[in-house]
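Take a look at the fold below.

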Amino acid sequence: MLEIKEWQEYITSWAEAKGFVWIPENIDTILLRLHSEVSEASECVRDNQFESLGEEFADLFIRLANACEVMGIDLEKEVAIKMIKNEGRAHLHGRSRK
Ligand SMILES: [Mg+2]
């Protein structure tokens, strides 16, 4: 099993071999493609096709890993840092309280 950074490198090498050579200046397009995978996952739910949800989440991870590699971001490190921050948050943080 690969580490997240290894996935970033492997997915980016695969994408480049398939002709998808992204550079940081392409971040707007990269983000749109990430969003398209969220939309495809939403369509699975809308159409009651939950058997395809895992594949769409995989697409989302693949595009995210590629985006991180292109942008020079170590996703595993960022997740670790963010989860430390999240652990310190209040119960149901971010929800409006009435
Ligand atoms: Mg997809």
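At what angle do the axes of helix α2 and α3 cross, and within what distance do they come? The model is predicted. In it, the axes of α2 (residues 27-46) and α3 cross at roughly 170° and come within 9 Å. An angle over 145 degrees counts as roughly antiparallel, so α2 is roughly antiparallel to α3.

From α2 come I27, I30, R33, L34, E37, V38, E40, A41 and C44. From α3 come L53, E56, F57, D59, L60, R63, L64, A67, V70 and M71. By class, the contact of α2 with α3 holds 13 nonpolar and 6 charged residues, with no polar ones.

Helix α3 (residues 53-71) also packs against helix α1 (residues 4-17). Their angle is about 95°, and their axes lie 8 Å apart. That makes α1 roughly perpendicular to α3. On the α1 side, the contact uses W7, Q8, E9, I11, T12 and A15. On the α3 side, it uses I62, A65, N66, C68, E69 and V70.

Here are the residue classes of the two contacts.

Is A58 buried or exposed? A58 counts as exposed, because it has 11 C-beta neighbours inside 10 Å; the cut-off for exposed is 12 or fewer. Along the chain, A58 and E37 are 21 residues apart. Their C-alpha atoms are separated by 9.2 Å.

Methods: Residues are numbered from 1 along each chain as its sequence is written. This is a predicted model: local features need pLDDT of at least 70, side-chain atom pairs count only at pLDDT 80 or more; totals for chains, interfaces and linings use all residues. Axes are lines fitted to C-alpha atoms, for helices over the stretch in contact, and angles run from 0 to 180 degrees between N-to-C directions. Helices (H or I, at least four residues) and strands (E, at least two) are DSSP runs, numbered from the N terminus. Angles under 35 degrees count as roughly parallel, over 145 as roughly antiparallel, 65 to 115 as roughly perpendicular and the rest as oblique. Two residues are in contact if their C-beta atoms, placed from the backbone, lie within 7 Å. Ala, Val, Leu, Ile, Met, Phe, Trp, Tyr, Cys and Pro count as nonpolar, Asp, Glu, Lys and Arg as charged, and the others, Gly among them, as polar. A residue is buried if 20 or more other C-beta atoms lie within 10 Å of its own, exposed if 12 or fewer, and partly exposed in between; C-beta atoms are placed from the backbone.
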